[in-house]
Amino acid sequence: MTRPPKKTTGPAPSPRRPKKEATPVVAAPVIAAAADAQLEETWADAPGFWGWLTTVDHKRIARRYLVTAFIFFLLAGLAAVAMRLQLSKPENTLLSPARYNELFTIHGSTMMFIFAVPIMEAVTVFLIPLMVGARALAFPRLNAYSYWVYLAGALTLWIGFILNVGPDIGWFAYTPLSGPEYSAGHRADIWAQMITFTEIAALAVAVNLMATILKMRAPGMTLSRMPLFAWSTLVTSLMTIFALPAVMLASSLLMSDRLLGTHFYNAAEGGDHILYQHLFWFFGHPEVYIIFLPGLGFVSMITATFSRRPVFGHIVMVLALISIGFLAFGLWVHHMFATGLPRLGNSFYTAASMAIALPSGVQIFCWIATIWSGRPVFKTPLLWVIGFIVTFVIGGLSGVMVASVPLDLQLHDTYFVVAHFHYVLIGGAVFPLFGAFQYWFPKFTGRMLSETLGKWHFWLFFIGFNVAFFPMHILGLMGMPRRVYTYPSGMGWERYNQIATLGGVIVVVSVLSFIVNVLTSLRRGVPAGDNPWDAPSLEWAATSPPAPYNFAHTPVISSREPLWEQREVLPIMTGLSTAEREVLVTTPVDAEPDNRQSSPDPSIWPFVAAIATTMVLIGTIFSEWALVWGAVPLTIAFSGWFWPKRPRRGAKQEPQ
Amino acid sequence: MKQAASGLIALLLLCGCSGVQTPLDPAGDQAASIHTMWNVMLVVCSFFYALVIGGLLWAVVRRRREPVPEPQASAHDPGIERTLAVWTGLILAGLTLLISWSFFVDRSLAQTHDDQALHITVTGYQWWWRVEYQDGPVNQWFETANEIHLPAGRTARIKLESGDVIHSFWAPNLAGKMDLIPGRHNVLDITPRRIGVYRSQCAEFCGMQHAHMALPITVESPEAFKVWRAHQLQAAKAPTSQQEAFGKAVFETKACAFCHKIDGADAGGRTAPNLTHLASRPSLAADAIPYSRGALAGWISDPQGMKPGTKMPNVPLTSAESSAVVAYLDSLK
Amino acid sequence: MSLRCPSTGKALLALAAVAALAGGCDRERRDLGASMPEGGPQIQTTDLTPGRGGVLPPDPRGQLYEKSAYHVSEGSRLFRWYNCSGCHANGGGGMGPALIDDEWRYGSSIEQIYGTILEGRPNGMPSFRGKATEQQIWQLAAYVRSLGGETPQASSSRREAMRSTPPRNQVTPPKPKGEGAPAVQGTAR
């Protein structure tokens, strides 16, 4: 039964003072204290450890994701440091070949599956409801479940590595090397199952974000008024939904070959090794854009705020995001140019791979045009954006180089490609990510990060990264292949390897400075107001950090930059219940209020379901019966989860 | 812009980019063709990068000293819009140029030089290469391992197969790479021009000793190639000393003959490299170790120590047997 | 007590996961030969010993190889390389007896299989002494055990375990209680 709530312009909020002041400013509208208190109580979590386990608050879960993903980033980075130390000398004996192979497998797998996608999702999970004016995500308990499943997958891989049963087949795990004949034991199964864990989590988050963006935007936030970050999240989520099933299929068929005796990848019995590569890369290429697109969203938001004007060419930017999302699915064969596929088909993928440079190039123009025509304020987040442009474009251009089939036949599987993808992934995703941390830290925690330490962090990282990875272009052109645990002396590769190792050390120092910045700012950082940067988007209307219910009242939007266009009066809408958890559902395109929906209360069932899922997935590594017996706890968990909520008797629906 | 580009190329060359395993020092037609692609790419990409950095610098430097005012609404700026259109057109033009050039270079690589091609089959194993010359009448076919000789000026058509996992054959000075995939037959054409010894290395991760799976490719004059080929067709040299004879006997009766083949000895194993002319090769263990008698002795006594994970086991031999085998194998020129 | 990776058990799944992961250390270790112990067991040629049951004492080296997935996998490679399938096919037998059934002419313990491969046997099994190294013979023995489904489940891949059920036309009728081992068949089936 739909009951469209009353739409009023409530009392005007206290006018926000310009961002020059550091004293906290009350931005939320002043409302009756009693109603506010009831709202607090309705949306509060249980205290202590139980509350931590049962929370469905997207901000708490996002913080968890952020911390966890960052810790794994550090661990994978340590693996990379170990690799660089091994490679600093020819015929070095620091690491055995088995150990080195395990290290580069876990470095790649962690960075791609456990750090890059989840941390982008973490930032979006925190910000999207705030940015679109909603109280919660569309599926809060699914969000909680996704975190626990993600954590289980990450732990499976790393505990395996620590116990010396970790995979050593590369993060891509080509067959037949990863198949039953050449990969003994369960190392490869641990890898394949880690994929299942992390992809369930990623799919859950993608579905959540899509539903939130499409159906829970604040009234008046039509699609054309939606911020660019929400657009990039929407496209990323769609891409996730289409791409991740391919890798789940690839890894599940691999497990089936290894554990059940099927022959999907066995050429001798009618299978095909190329099938694995197609399935993997059909996911693998969109995956890097899934990592990259949220970064573009960060860049757009930061550029607008610090150029003091909206991003130039909004429509063009949206179209570029959408076209990147589509084109990304038509490129995957460029990872397989050397496999002997028909050459005319290869040329088609050259064209497609180069074509995707067009929307990216257009976006770069728009950001530069924004800075050019704006009044840039060179705080740390904008520095990261500038660093992003300088670095990512190198990666993009080296990508255009390897997109060409003949050139790729020389550069494929050399350090040139290693340089290329680190330039696009670190330049295109990690630079914006650090900018996003600096930018949104006040919103997450209520305190500002230190500008001085931030600038040190930026410059050390920028210099260290380039010192580490630029020589790899040259190493590739000098013939050094990838995934080698050592190399012969006399090839002339020593000097550049040493330089790269030195760069790695500088990056470590830079990341340490970031950690110091975060830890000290958490305790002694300058308290931030609601909108310390005077940014235009809606998340800055909430308090810093936001209350559990995000906004006391739903804002009503009439422009793309609500906090700039509607500085004096931000209209609100009343009518959502404060006695129980309720969210507003609006129409997908025009965001007209549609109905009120009750939002799930905190619950232990997502955690229980995650435990049951973990038992099933780890059990299947060892026995197929785990699927059968594991269905029992799974059924119990999901039944508890979906048990219908009885309407509270006597709850008064108080209109505000 | 061209000067900057050629300056860059010169800089790269200064880094010692002439070498035995580099695509920047082409010694064959295919590599030369790809090298032109590289040069075009470098010039075009540097041009676009310069534009981007120039634009960024201008944007950053332009309004630095003006005070920070209230944010402005987005105004309609036809100048920037025109520039965007020009930029888009430039990118389209650049991409069209690169795509077409790439297409035509790729086409030239794919052209079959069938008539006089030298037919070779290379089979990849963990972690060595079986090389079979299957050219001409069948009684002119022979097999060797971990080395290739090619006559300059004649196209070699190399059929690529795999005996276990995916490998990749890559001789950067001569041509691009091509994978060896079990269950598939791939073909790579190489037309070497310049005489010399080049290094080829496996370029697809194939397990523990992927780093030590390379092979030297000797490009020589057609006459020298004929001599080498005739020599390869001969059976192994008979032992000339008592120690060598004893070594041959040890080879045939112990574990060696189980896996290795020597034409002319009673050893017909197919699962390990053919050793008929072992001592004439420049290196051992797929170019992991330069060849010398001492290296050979070390390899036989402890292959796991020198190349951990290799399929060759540590065969227990007495010191007399070991030195005899080394003496025999060292005589197999 | 060695940590056997557990077989299916509904109640023990969670525990099994942890235990299996911990016990997996043995399963996944790759011993590349330099550190492996030398030699094999003393082969007992007769069990006509007064007062003793004639049972060969288990050799710890055998356990090491059996539990290791790496060694079983190496054994499967050597089974192909040394052309064991020439007589034994892929375990189903041909000229030589089947290795996937539960009839073992010369004993089914890993030490006995080791001895069979090392020494050769009458009726056509050749001796591999001096041809295959001791470690390789252990690996082959471990693989042969896995063909019969005798190795701990975690060390062989499921594919080997699935092959351990005998082919339908070779299922022997159940032995009546009280009788000793069935008489050795004169010819392979």
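Guide: Gladly! In this predicted model, the meeting of the two chains involves 74 residues of chain B, which are in contact with 71 residues of chain A. On the chain B side, the elements that give two or more residues are helix H2 (29–62), helix H3 (78–110) and strand E7 (178–180). Of these, H2(B) brings the largest share, with 16 residues. Sorted by class, the side of chain B that touches chain A holds 45 nonpolar, 19 polar and 10 charged residues.

Let us stay with chain B for a moment. Chain B is divided into domain 1 (17–69 + 76–216) and domain 2 (242–330), and the C-alpha centres of the two domains are 36 Å apart. Between them, 17 residues of domain 1 of chain B are in contact with 14 residues of domain 2 of chain B. On the domain 1 side, strand E2 (128–133), strand E3 (142–145) and strand E10 (214–220) of chain B supply at least two residues each. That side has nine nonpolar, five polar and three charged residues.

Now over to chain A, for a pair of helices. Helix H15 (residues 451–477) of chain A packs against helix H16 (residues 494–524) of chain A at an angle of about 160°, and their axes are 8 Å apart. An angle over 145 degrees counts as roughly antiparallel, so H15(A) and H16(A) are roughly antiparallel to each other. Their crossing is left-handed. The residues of the contact of H15(A) with H16(A) comprise 22 nonpolar, eight polar and no charged ones.

Technical notes. Residues numbered from 1 in each chain as written. Chains lettered and ligands numbered in written order. Predicted model: local features only at pLDDT ≥ 70, side-chain atom pairs only at ≥ 80, totals over all residues. Contact = placed C-beta atoms within 7 Å. Helix = DSSP H or I, 4+ residues; strand = E, 2+ residues; numbered from the N terminus. Nonpolar A, V, L, I, M, F, W, Y, C, P; charged D, E, K, R; others polar. Axes fitted to C-alpha atoms, helices over the stretch in contact; angles between N-to-C directions. Parallel < 35°, antiparallel > 145°, perpendicular 65-115°, else oblique. Left-handed = near helix turned anticlockwise from the far one by under 90°. Domains from an automatic or database assignment.
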